[in-house]
Amino acid sequence: MRISSIVAGASAAMVVLQAAYCATRGETFLLRPPGAHGESDFSAHCIKCGACMQACPYLAIRPAGSDVGMAVGTPIVDARSQACRLCEDFPCVAACPTGALRDIDERSDVRMGVAVIDEDACIAFQGMRCEVCYRVCPLIDKAIAIDYRLREGDAIHSVFAPVIDEKQCVGCGLCVERCVVSEPEVPIRIATDAERADGGEA
Amino acid sequence: MSATPDASRSFRWTWFRHIVQVAAIALFAAPVLIAGWSLFGASVGGDDPLSTPADLSFFGSLSSSSVGGLALLDPFGVLQVIVASKTAPVEWLLAALPIVLVYGLIRGRAFCGWVCPVNLVLEIEDAFRRKLGIEVREAPVPRRAKLWIALGVLALSALTSVPVFEAFSPISALNKGVLFGAVTGLWMLAAIMLAELFWGHRVWCRALCPLGGFYEALGRAGLVNVKLDQEACIHCNACKRSCLADPVILEPALAGEDAVVRAGDCMACGACIDACPTKALSFGLGRGAKPAETEEPAAEQA
């Protein structure tokens, strides 16, 4: 029975290692579907049943992979590949059976996060007229506006800089999905409230 | 390998049960496919809204589903969320109630025997193991351990404010893996399969699974029970060798102390009924009171 003991030990070790791995991976910031009320409230309520995923007409809600510890299988939005469209009727919120997603009556109730622009990487700040994020924003002229101004140290050219209104941006991520720049990195991303409270490190 | 002692017997519960197990997987996959989505999360969305499984009158997973607008919830999941979130809205209890009633009335662990995809996979694995001739221990962990593990899961969920089993559940790995490509509990499933192939005979379902522990507790009620015809029994123990739960649960009936297999462990899988060469075992409705013989000697001693 020597081999069997080794296998039993190995199986137990796999489970313990996974548990330890999960326990040490608490600080990942995940973009949740509309209606999540902060990470601790969300993780207390979500049973990973997938109802929100099965209710999203854009298939924007996906199960988190195994790299997020205890949150594996919880619904997340990968804004760059498929952003939330902020449906008027929020079928994901309506489908959630345990109140992990709740209390959304209109778009302005949503608080997934806030778009953050890396001004060094955004081509608009370098003098190109892009405005893609501004035009695709479901809350155009509210969440994103264009700040027209003269380019610094340049008396002829203007800068058409996208500016996020942190109070109005709900963090749907459509700007992130559509941003035309991807090298060296996408200059716009969604920062969750938890991440912002933590000091803004991703 | 279970022998077929009575070749004339055409109906076998085990085959019927395997059909139900596969149907349970198909039941949850159907809305995904009808909505035009691929399984395993392979579909991608576009700019135009697609029809969704949630638009249909039935969709969901083993954790939660919606039947004609009626919400259903896994009762053990609800218990975990209640202790994790420290709230207990009536809707959750109402959504769990039909499940509790159905399994409570039939038999708690009928879920394990007839619906759970992990049990199906592990049954196949166990048949494979027997073909390979790999010897494993019969009961390395006591069967009641799963009750304590279920309580431990609830305590840990309360402590960490996270529904703990849902993060590791191998049932999720299979059910939600098929439905939308979730990898929850995949490691757990791998560990279990390794343990059952080389170490303990059906040790997960018999002794470890907290959901099985929950349904074992519920299985103390239940109207569908295996009953034993004492006259026909020849004490060959074929039933005990075939039992998917723990063979010891048959002992009170075999010893004549009880008319039915009363333990909450019984999955009502019907394997013992199939295995019985004299048709001494059958499913019966109702369980009656526990016979008094077991109490009388105790009363005399007192």
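Buried means under 20% relative accessible area, exposed over 50%, and partly exposed in between, with a 1.4 Å probe and protein chains only. This is a predicted model, where local features need pLDDT of at least 70, side-chain atom pairs count only at pLDDT 80 or more, and totals for chains, interfaces and linings use all residues. Residues are numbered from 1 along each chain as its sequence is written, chains are lettered from A and ligands numbered from 1 in the order in which they are written, and side-chain values use heavy atoms, without hydrogens and water.

**Stop 1: a cysteine in a loop**

Select Cys276(B). At 7% relative accessibility, Cys276(B) is buried. The loop around Cys276(B) runs between α14 (271-275) and β5 (281-285) of chain B. Helices (H or I, at least four residues) and strands (E, at least two) are DSSP runs, numbered from the N terminus.

**Stop 2: the annotated spans**

Residues 20-44 of chain B are 60% helix and 0% strand, with end C-alpha atoms 31 Å apart. For residues 177-199 of chain B, the figures are 74% helix, 0% strand and 26 Å.

**Stop 3: a nonpolar patch**

Show the surface of Val102(B), Leu105(B), Ile106(B), Leu223(B) and Leu285(B). Together they form a nonpolar patch with about 480 Å² of accessible area. Patch residues have over 30% relative accessible area and no salt bridge; like charges are joined within 9 Å, and nonpolar side chains (Val, Leu, Ile, Met, Phe, Trp, Tyr) within 5 Å. Areas come from the Shrake-Rupley method with a 1.4 Å probe, and for residues only the protein chains shown count as cover. Helix α3 (residues 90-106) of chain B gives the largest share, three residues. Leu223(B) sits in the loop between α11 (210-218) and β4 (224-228) of chain B. Leu223(B) is partly exposed, at 40%.

**Stop 4: salt bridges**

A salt bridge puts a side-chain nitrogen of Lys or Arg within 4 Å of a carboxyl oxygen of Asp or Glu. Over all chains, the count is 24. Pick Arg129(B) and Asp126(B), whose closest N and O atoms are 2.9 Å apart. Both lie in helix α5 (residues 117-132) of chain B, about one turn apart. Arg129(B) and Asp126(B) are both buried. Next, take Glu251(B) and Lys240(B), bridged at 2.7 Å. Glu251(B) is in helix α13 (residues 251-254) and Lys240(B) in helix α12 (residues 238-242) of chain B, so the bridge ties together parts 11 residues apart in sequence. Then select Arg109(B), Arg143(B), Arg144(B), Lys146(B), Glu216(B) and Asp265(B), which a network of salt bridges links.

**Stop 5: aromatic rings**

Rings of Phe, Tyr and Trp (its six-membered ring) pair if their centres lie within 6.5 Å; planes under 30 degrees apart are stacked, over 60 edge-to-face, and the rest tilted. The whole structure holds 14 aromatic pairs over all chains. Phe11(B) and Trp13(B) are one edge-to-face pair, with centres 5.1 Å apart and planes at 85 degrees. Trp13(B) also pairs edge-to-face with Trp114(B), at 6.3 Å and 75 degrees. Trp114(B) is buried, at 14%. Finish on the cluster of Phe76(B), Tyr103(B), Phe111(B), Phe165(B), Phe214(B) and Tyr215(B).
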